[in-house]
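Trainee: I would like to go through this structure step by step. Where do we start?

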Amino acid sequence: MIDKERREILPTSITKSYVVRRLPTLFAMAFVGVGWTLNEVALAWIHERVPRDAPPLPDLFFSWFPEVRGAIRITEYIMLILVVNALVIMVTHQHRWVVSRRVFFCAALSYCFRALCITIFQVPVPSVHTYCAPKSNGSWYMVSARVARMFWSAGIEQLRPRELCGDLIVSGHTLTIFTCFYTFKYYAPKKLKPLSYMLNMLAVMAVLAILFARKHYTIDVLYTVSTRVFMEYHALMVSYHEHSLEKNILSWSWWARVVPYFEKDAPPPHAFHNRIEWPSSCPQKIRRRII
C-alpha cells in the first residue's frame, strides 16, 4: 500500500534512518489555530460579563510596587525576541518536523486550557486605568465581529490597542514567552546553550513588566500552564521511547494518548541530536560555526 503522506528521511549520527511523517505536524499546526480561535471567541464573549464597577482584587505585588503604565511594551519586545529565537530553532533543527509538532501541540493545548479559564472565571481588571470597550447586546454577530478585528493582532497591544477585558487568570503573554523559552532551551545546540541563560533572564523581566503594567494579577503569571504542559509532554515522550509509558503516572492525563501518534516515527532520545540543518545551502559558513 502506497503511503500518501509526504515523508522525509532524517539523518542521524547512527546508521539507522528515520522516516518522519509530516501529517502529524500539520495536525499540530491546525490545533494551534483551533486553540487561538477559542481564545479569541472566549474573550469576545466574556467581555460582556466582566464586572466593571468592582475595584481590582487585592494583590500583594500591587501593594508593594506602583503601576508603570506602558511597561507592557517591554514584555512584548522581549516576547518577540523569544518567538524569533524559537522559530529559528524549529525551522533549522535537523528534526524540524518532529520539533515543530511537539511545540505546536504544547502551545495549542495550553491555549485551549487558557480559553477554558477565561470562560469560567470573571474577575475585575487589575488596573483602574485599563480601558474596556462599552458592553453590547452580546449577540453572536457582535462576538464574531470582535474576533475578526482581534484575530490578526495575536494579542499584541503594539499592533492593536486593547479594547476587550476579561482574559485574566492565565496570561497569554506568559504562555507564549515560556513556550518559546523552553523550546530554545530544550532544542538549541550545545554551543547556543549559554544564550538560554540570557533568554531566561529576559523571560523573568517580561513577566515582571506584565505585573508593573497591571495587565494581570500575580497568580496569572505564577501559574504558567505552558511550563507544565511542555514538561509533561516531553516526560511522556521519553517514557514512550523507553517503552514505559504505561508506568508513567503522567499518562493518566486524557491528552496523553496522542503521544504515541506524534512519537511513533520520531528518533528516540539517544538518537535525537540537537543540530542545525539549514533548509537551504546558502548559509553554510554560519552552519559550520554553530554545529
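Mentor: We start with a term: a salt bridge is a side-chain nitrogen of Lys or Arg within 4 Å of a carboxyl oxygen of Asp or Glu. Keep in mind that this is a predicted model.

Trainee: How far apart are N and O in the salt bridge of R101 and D265?

Mentor: The cut-off for a salt bridge is 4 Å. The side chains of R101 and D265 meet in such a bridge, and the N to O distance is 2.9 Å.

Trainee: How many residues apart are R101 and D265 in the chain?

Mentor: R101 is in helix α4, while D265 is in the loop between α10 and α11. The pair links distant parts of the chain, and the separation is 164 residues.

Trainee: Is D265 buried or exposed?

Mentor: Buried means under 20% relative accessible area. D265 has a relative accessible area of 9%, so D265 is buried.

Trainee: Which residues are linked with D265 in a network of salt bridges?

Mentor: D265 meets R101 in a salt bridge. The side chain of D265 also meets that of R21, at 3.1 Å from N to O. R21 lies in strand β2 (residues 18-21), 244 residues from D265. The residues linked with D265 in the network are therefore R21 and R101.

Trainee: Which residue meets E263 in a salt bridge?

Mentor: E263 is in helix α10, and its partner is in helix α4, 161 residues apart. At 0% relative accessibility, E263 counts as buried. The N to O distance is 2.8 Å, and the partner is R102.

Trainee: How many disulfides does the count come to?

Mentor: A disulfide is a covalent bond between the sulfur atoms of two cysteines. The rule asks for sulfur atoms within 2.5 Å. C106 is buried at 2% relative accessible area, and C117 is buried at 8%, but the count of disulfides comes to zero.

Trainee: Which helices do the buried residues of α3 pack against?

Mentor: Helix α3 covers residues 72-92 and reaches 30 Å from its first C-alpha to its last. Its buried residues include I72, M79 and L82. The buried residues of α3 pack against α4, α6 and α7.

Note on methods. Residues numbered from 1 in each chain as written. Predicted model: local features only at pLDDT ≥ 70, side-chain atom pairs only at ≥ 80, totals over all residues. Heavy atoms only, no water. Helix = DSSP H or I, 4+ residues; strand = E, 2+ residues; numbered from the N terminus. Expected span 1.5 Å × (residues − 1). Buried < 20%, exposed > 50% of the residue type's maximum accessible area, 1.4 Å probe, protein only. Contact = heavy atoms within 4.5 Å.
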